[in-house]
Amino acid sequence: MSDNDVVSGTFRALVEGADRKFARVRDVPAYGRVHNQHYFHKVFKAYMRLWKYQQENRAKLVEAGLNRWEIGEIASRIGQLYFGQYMRTSEARFLAEAYVFYEAILSRRYFEGGSKSLGKKDLGVRFKELRFYARFLLVSLILNRTEMVQLLAERFKALVDDSRANYRETNFKEWRLVVQEIVRFMKVDTAFMNVRPLRYSAMFDSHPASLPYVARFHAKRVLKFQDALLTSYHRNEAKFAELTLDTYRMLQCLEWEPSGSFYQKRPVESKENGSFIEHSGASAASGVIDMNLAADMTDPSLPPNPRKAVIYRPSVTHLIAVMATICEELPVDSVMLLYLSASGTAGRSNVNHLYNSGGSQKSSKNKVPLPNQNTSRPESCNGKAESSDYYDKYLWFGPRGNGGENNLYPGDIIPFTRRPLFLIVDSDNSHAFKVLRGAERGETAALLLSPLRPAFKNPADADLTQNGSQFTFFLTAPLSAFCQLVGLTSSDTETDVYTGAESILSDAFSKWEVILCTSTNMNLVWAQVIPDPFLRRLILRFIFCRAVLVLFCPPEDSEQYLPVCLPFLPNSVSPDSEVVQSTVLRLAKHLRVDDCFNFDDT
């Protein structure tokens, strides 16, 4: 047996061993704390050993018949492993490592060479290449690499078109749908592509003037935010792969923004011949992937991201099972964030009955009255919510029909209030969850509930399937949501004007932080989560969203157009307070849209 045969045999054995280990971890649920982390370590170790072996013996393996696409497949598997670990742990370093391997595959064109040289007889290689592009697109989306996403989308579409032309006997309909998904997703996500990131950024979200107050703030009890469950279910909602637009925005909102040089938006270029000019440490000549690039993409000074279980189109029983798992494993003195975005009617998205403003509404008489805080939840004659109220209205999670198995009722949430819960509901039935107030089984839940109907100046902007949920948009990108509300687009707004608007909002959030941290009557439910930067930011954005909608919407049926928080936040940050209302006025005048709001004549 020749030396090449020995090397090839060893390589094949390493491939088979690594693939067996990969199969065992591939389907591990992406939620809950995995207790067999040692096995994940074994899988990574097996693939790294395989990768190192093919690097050291590349010449002999190529001589023995190794194809370039086989090297690409190994790198792709390693990328999959890293991405899977990111989805289970939310650790940014795993997402960065996945990007490194996928970028190396792209720059060295591993799959391109294999599929073109082998032609039609190796259709399997073409499918591997298509899957690689889809996976790399998802990683780039989450990393907010807009330029790379655009490049990959162009390449991906061209590849699908080429596949349809050269493999006519094969149906590529599903891949065409994937192309349509990413094009649609990019159209929404890049509406304000040159503005600040959705992630928590020290540059934008840490306010020097209020930091001392936050640092000195002390509640009787302080909860740690380490776990979240995110899910949305709307018909025809914008999505890519198993990430919907709403969950994508919330996922981004609950992560730290690294400050590494990778995030300086280094350009991605294409040569005239279509080859890729890389700007990473991956060297096509050496065949060595620069593992130090991942360190450049992460920031070791940042705390860990909260773990996020992102559940795609779950059944109600599966959703409840995931909630139970997270609650069971929730550390002491910790809070779980539960984000639910869904319609309250079977087979329909909550886009009907929107309010649109047809011009100036400037009148103090038209100001929307706030709902009576003493009648915020249904009560019976004895002052308690009727038990039937817990199972009356619902959120709809189901592909078809209107059966109870598709309905998530407020009563389904009650068992999980034995542990601290921060609940966000974005739905046209969100107010049904008011009944949870007072029905908790141990811990008072913090509730942020969306309006029942969206409000826009331009009715076309109200299409949830195209633009996502308005309330979620306010919580994750408040200024962009404000602009969408009044009909402004990125082309309408100059960069310096938009930057000025960001400054106005940042100053306001800083003042509101001081007010909250010095309040003497803030409910403990809010006080115990205020120290957490992610939850504090969500609360500040809720205050802004509520004030904007109060001043924008008509007095008729006002409650339908307003979000609700339970327990109530201090009156000092209510929409009627001067410090809050003046911010909306200042922002509206800065953007020259003050005629869209009902400000008091002064």
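Which hand does the crossing of helices α5 and α8 have? In this predicted model, in which local features need pLDDT of at least 70, side-chain atom pairs count only at pLDDT 80 or more, and totals for chains, interfaces and linings use all residues, the crossing of α5 and α8 is left-handed. Residues are numbered from 1 along each chain as its sequence is written, and side-chain values use heavy atoms, with hydrogens and water left out.

Two packed helices are described by the angle between their axes and the distance between the axes. For helix α5 (residues 92-108) and helix α8 (residues 146-166), the axes come within 13 Å and cross at roughly 45 degrees; axes are lines fitted to C-alpha atoms, for helices over the stretch in contact, and angles run from 0 to 180 degrees between N-to-C directions. The two helices are therefore oblique to each other, given that angles under 35 degrees count as roughly parallel, over 145 as roughly antiparallel, 65 to 115 as roughly perpendicular and the rest as oblique. Tyr99, Glu103 and Leu106 of α5 meet Met148, Leu151, Leu152 and Arg155 of α8, where contact means heavy atoms within 4.5 Å. These residues divide into five nonpolar, no polar and two charged (Ala, Val, Leu, Ile, Met, Phe, Trp, Tyr, Cys and Pro count as nonpolar, Asp, Glu, Lys and Arg as charged, and the others, Gly among them, as polar).

Helix α2 (residues 37-56) packs against helix α4 (residues 68-89) at an angle of about 155 degrees, with the axes 10 Å apart, and the pair is therefore roughly antiparallel. The crossing of α2 past α4 is left-handed, a term used if the near helix is turned anticlockwise from the far one by less than a right angle, with right-handed used if clockwise. By class, the contact of α2 with α4 has 13 nonpolar, three polar and two charged residues.

Strand β11 (residues 421-426) is largely enclosed by the rest of the structure, because six of its six residues are buried (under 20% relative accessible area, with exposed over 50% and partly exposed in between; 1.4 Å probe, protein chains only). Leu421, Leu423 and Val425 lie on one side of β11, and Phe422, Ile424 and Asp426 on the other. Strand β7 (residues 334-342) runs parallel to β11 and is joined to it by six bridges, with Tyr339 opposite Ile424. Strand β12 (residues 446-449) also pairs with β11 in the parallel sense, over four bridges, and Leu447 is the bridge partner of Leu423; pairing requires that DSSP finds at least two bridges between the strands.
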